[in-house]
Amino acid sequence: MARTPSTFALEIGSQAPDFSLPNIDGADVSLRDFAGKPVVVMFICNHCPFVKHLADALASFGRDVQSKGVGVVAISSNDVENYPDDSPEKMKEEAERVGYTFPYVFDESQDVAKQYHAACTPDFFVLDASHRLAYAGQFDDARPGNEEPVTGNDLRHAVNAVLNGETPGRGKPSIGCNIKWKPGNAPTYAGA
């Protein structure tokens, strides 16, 4: 299991890249849909053991922060030709199985992952209400095979800070599987 860290290449305070991507329910979801709200943008997928380790906690986290008026959107950018378990059909099954209450959208072109400089699954970004990057970092210290509890404390702390008008900045890098880039599509920050 390869361990790829976050890049932290998107600068804290920079305007987050907008996107419009198809959700598993067929509707397009854009960052503009969350106008005036803080937003958690997470890059995840179905098959990654790091995401599987957190999936139930991600669902709970999503419900908790959505109840506070925070937008949440999960993006899968993996190459589904070579990783069919990450296809939109399987994304829908996974969201229903785990209980995601937030949009789970598909970045087929992988352009959104590149714009965010996402490198791994999971990779987390918290935007303030004006959609400037306020936090990039991990969910918590839990990883498959370590004994750390899955709490989401790092991401929860970042969201609470943003709700209090603070900019938490960079946390510890998230660690996960590398995004599965299409052949010839990997960005230079991903070691291409």
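Which residues does Val41 touch, not counting residues up to four places away in sequence? They are Val73, Ile75, Tyr116, Asp123, Phe124, Phe125 and Leu127. The model is predicted.

**Nonpolar cores**

- The largest nonpolar core has 34 residues, and Val40, Met42, Leu58 and Tyr100 touch the most other members.
- At least two residues of this core come from each of these helices and strands: S4 (39–43), H1 (49–66), S5 (71–76), H2 (88–98), S6 (104–106), S8 (123–127), S9 (133–137) and H4 (153–163).
- Helix H1 gives the most, with nine residues.
- Tyr100 touches Ile44, Ala55, Leu58, Ala59 and Ala95, leaving aside residues up to four places away in sequence.
- A second core is separate and holds 24 residues, including Ala16, Leu21, Ala113 and Leu133.

**Helix pair H1 and H4**

- Two packed helices are described by the angle between their axes and the distance between the axes.
- The axes of H1 and H4 come within 11 Å and cross at roughly 10°.
- H1 is therefore roughly parallel to H4, since angles under 35 degrees count as roughly parallel.
- The crossing of H1 and H4 is right-handed.
- H1 makes the contact through Ser60, Phe61, Asp64 and Val65, and H4 through Leu155, Arg156 and Val159.
- Sorted by class, the contact of H1 with H4 has four nonpolar, one polar and two charged residues.

**Val41, in strand S4**

- Val41 sits in strand S4.
- Its relative accessibility is 0%, so Val41 counts as buried.
- Val41 and Tyr116 are 75 residues apart along the chain, and their C-alpha atoms are separated by 9.6 Å.
- Tyr116 is also one of the residues that Val41 touches.

**Phe125, in strand S8**

- Phe125 lies in strand S8.
- Phe125 counts as buried because its relative accessibility is 5%, and buried means under 20%.
- Not counting residues up to four places away in sequence, Phe125 touches Leu10, Val39, Val40, Val41, Phe43, Tyr116, Ala118, Leu133, Tyr135 and Ala136.

**Ser76, in strand S5**

- Ser76 belongs to strand S5.
- Ser76 is buried, and its relative accessible area is 0%.
- Its contacts, not counting residues up to four places away in sequence, are Ile44, Cys45, Asp86, Met91, Tyr104, Val105, Phe106 and Asp107.

**Backbone exceptions**

- Most residues other than glycine have a negative phi, and most peptide bonds are trans.
- The peptide bond from Thr121 to Pro122 is cis, with omega near 0°.
- Pro122 is in the loop between strand S7 (120–121) and S8.
- Phe8 has a positive phi, near 60°, and is not a glycine.
- Phe8 is placed in the loop between strand S1 (4–5) and strand S2 (20–22).
- With a relative accessible area of 19%, Phe8 is buried, because the cut-off is under 20%.
- Gln110 is not a glycine either, yet its phi is positive at about 70°.
- The loop between S6 and helix H3 (111–116) holds Gln110.
- Gln110 counts as buried, at 0% relative accessibility.

Definitions and conventions:
Residues are numbered from 1 along each chain as its sequence is written. This is a predicted model: local features need pLDDT of at least 70, side-chain atom pairs count only at pLDDT 80 or more; totals for chains, interfaces and linings use all residues. Side-chain values use heavy atoms; hydrogens and water are left out. A nonpolar core is a set of buried Ala, Val, Leu, Ile, Met, Phe, Trp, Tyr and Cys residues joined through side-chain atoms within 4.5 Å. Buried means under 20% relative accessible area, exposed over 50%, partly exposed in between (1.4 Å probe, protein chains only). Helices (H or I, at least four residues) and strands (E, at least two) are DSSP runs, numbered from the N terminus. Contact means heavy atoms within 4.5 Å. Axes are lines fitted to C-alpha atoms, for helices over the stretch in contact, and angles run from 0 to 180 degrees between N-to-C directions. Angles under 35 degrees count as roughly parallel, over 145 as roughly antiparallel, 65 to 115 as roughly perpendicular and the rest as oblique. A crossing is left-handed if the near helix is turned anticlockwise from the far one by less than a right angle, and right-handed if clockwise. Ala, Val, Leu, Ile, Met, Phe, Trp, Tyr, Cys and Pro count as nonpolar, Asp, Glu, Lys and Arg as charged, and the others, Gly among them, as polar.
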